[in-house]
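Subject: Structure for your review

Dear colleague,

Please find below the structure that I am handing over to you. My notes on what was found in it follow directly after.

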Amino acid sequence: MTKIIIIGAGAAGLMAAKILSAKGIDILVLEARDRLGGRINTIQDPFMFNCETGAEFIHGNLKLTKQLLNEAGLKQIKIKGEIFRMEDGHLKEDDDFVEGWDILTKRLKELTTDITISEFLDKHMPEKKYADIRESFKKYVQGYDAADILDASAISIREEMENGNEDQFRVENGYSGLINFLSAESKKNGCIIKTSETVKQINWQKDNVEVVTGKKTYKANKVIITVPIGVLQANKNEEGGIKFTPEISEQRIAINQIGFGFVIKILLEFDEAFWFDRQFLKERNMDKPFFFFAETFIPTWWTQFPDKRPLLVGWLAGPEADKHHNLNDSELLEKAITSLAKIFKLNDEYLYSKLLIHKICNWVKDPFCRGAYSYATLSTKTAVDILKKPIQNTIYLAGEALSKSDTGTVDAALQSGKEVAKLIYSTPIKKLR
């Protein structure tokens, strides 16, 4: 009979499954979706090549991720392209210097007590002459971290910026290759993975757990919950929400003290990569176009550089994604095309004529995700300390939000899965009654 149930077949859940099943422990993984990977999802159909609807980049030389990719025989592709910013209606290469940015970083470094980004800007960058830099920093926090400046930790953002400017990579042929590897390794060790099993309720007492899905009730000694923080923050009666009996009150409070951002990702495949056309590049003083930032509805775009595939990816994150998440796919596509037309000085009709395939990835509407990834608030460190402690050695929580390492969301999830597995296999497991 199953001894440990893992809820969620994303990076954290499958990492824990791989490690624990290799220790000879009976593992059952329950996944609500009809696929594995969670916020990792590489697709091809209907595109001409693999595309990432979710996680896409490896942020830096990450030891655990690199180790697993090597084990799986997967390659990393290094990305080093140019970043362009739209200013005064023209695309200009970003030289990483915005007037006043050095003052902002200096004042951030001088902080000794944590405050929110909003408070920092109000108290430490109040001068009218820094209005543009305040707006630029606000957009950075909302775009890169998918965070709300009203509760995002200034010191956490500072630490992130200090550790930035690392090499960026993609996984050749897509991130789902890593998920497939973790799944296959777990199954080799006898792990059972079931999809389309939406967990609705967890009844528990020490060393005994009942996990109730829409189909069946499963019993185990322990349960590892790896669903996104956004799902745990959902009302227990909403789709994807989980009811605990008895309730885990202290943990519920801590869960709600972690920030969880929102994102809408847009994939547009054209009949040609017009942004790599020689004349196009020459007219815009480009060479290796990678990122584009602009004051448009969809403000962030990137190419597939160094590959010249005709795919552009749009990114709307933070409060703006939440504000507009109820727009339908047609409305979001229209906003995306209009944004690109402004950036590249083309007309909407021309872009529509060249568009072959599109996909709107509205992660805010996904009931088994409800957004992008976590970010730190003023209470997050204390909350994480609470959530990392097992409840009576029976209920364990894991996932990118609970990793103390600032390594990017996928690597953080892998680290968390590894940490919780180590915590469990170092603790004796009683037999089921």
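How many aromatic pairs does the structure hold? In this predicted model, the number of aromatic pairs is 20. One of them is formed by Trp101 and Phe137, an edge-to-face pair with 5.8 Å centre to centre and 75° between the planes. Trp101 belongs to helix 3 and Phe137 to helix 5, so this pair ties together parts that are 36 residues apart in sequence. Phe137 is buried, its relative accessible area being 0%.

A further pair, Tyr140 with Tyr144, is stacked, with 5.7 Å centre to centre and 5° between the planes. These two tyrosines, Tyr140 and Tyr144, are four residues apart in helix 5 and thus separated by about one helical turn. An α-helix has 3.6 residues a turn, so residues three or four places apart point the same way. Tyr140 is partly exposed, with a relative accessible area of 25%, and Tyr144 is likewise partly exposed, at 42% relative accessibility.

Elsewhere, one aromatic cluster is formed by Phe84, Phe270, Phe274, Trp275, Phe276, Phe292, Phe305 and Phe344. Two lysines also sit over aromatic rings: the charged end of Lys23 is placed over the ring of Tyr425, 4.4 Å from its centre, and the charged end of Lys335 over the ring of Phe297, 5.0 Å from its centre.

Which residues of helix 3 (residues 101-109) are buried? They are Trp101, Leu104 and Leu108. Viewed down the axis of helix 3, these buried residues fall within an arc of 60°, so they line one face of the helix. The buried residues of helix 3 pack against helix 4 (117-124), helix 5 (131-144) and helix 6 (154-162).

In helix 4, the buried residues are Ile117, Ser118, Phe120 and Leu121. They cover an arc of only 165° around the axis, which puts them on the same side of helix 4. Asp122 and Lys123, on the other side of helix 4, are exposed. The packing partners of the buried residues of helix 4 are helix 3, helix 5 and helix 6.

How do helix 4 and helix 5 pack, and what angle do they make? The angle is about 170°, and the axes are 11 Å apart. Helix 4 and helix 5 are therefore roughly antiparallel to each other. Their contact is made by Ile117, Phe120 and Leu121 on the side of helix 4, and by Arg134, Phe137 and Val141 on the side of helix 5.

Finally, some points concern the backbone. Most residues other than glycine have a negative phi, and most peptide bonds are trans. Where does the backbone hold a cis peptide bond? One runs from Thr245 to Pro246, with omega near 0°; Pro246 lies in the loop between strand 15 (243-245) and helix 9 (249-255). Another joins Phe305 and Pro306, with omega about 10°; Pro306 is found in the loop between strand 19 (300-302) and strand 20 (311-317). Phe305 is also a member of the aromatic cluster described above.

Asp207 has a positive phi of about 70°, although it is not a glycine. Asp207 is located in the loop between strand 11 (199-205) and strand 12 (208-213), and counts as buried at 9% relative accessibility. Arg370, also not a glycine, has a positive phi of about 70°, and lies in the loop between strand 21 (355-362) and strand 22 (374-375).

Yours sincerely

Conventions
Residues are numbered from 1 along each chain as its sequence is written. This is a predicted model: local features need pLDDT of at least 70, side-chain atom pairs count only at pLDDT 80 or more; totals for chains, interfaces and linings use all residues. Side-chain values use heavy atoms; hydrogens and water are left out. Buried means under 20% relative accessible area, exposed over 50%, partly exposed in between (1.4 Å probe, protein chains only). The arc is that of the directions from the helix axis to the C-beta atoms. Contact means heavy atoms within 4.5 Å. Rings of Phe, Tyr and Trp (its six-membered ring) pair if their centres lie within 6.5 Å; planes under 30 degrees apart count as stacked, over 60 as edge-to-face and the rest as tilted. A charge sits over a ring if NZ of Lys or CZ of Arg is within 6 Å of the ring centre and within 35 degrees of the ring normal. Axes are lines fitted to C-alpha atoms, for helices over the stretch in contact, and angles run from 0 to 180 degrees between N-to-C directions. Angles under 35 degrees count as roughly parallel, over 145 as roughly antiparallel, 65 to 115 as roughly perpendicular and the rest as oblique.
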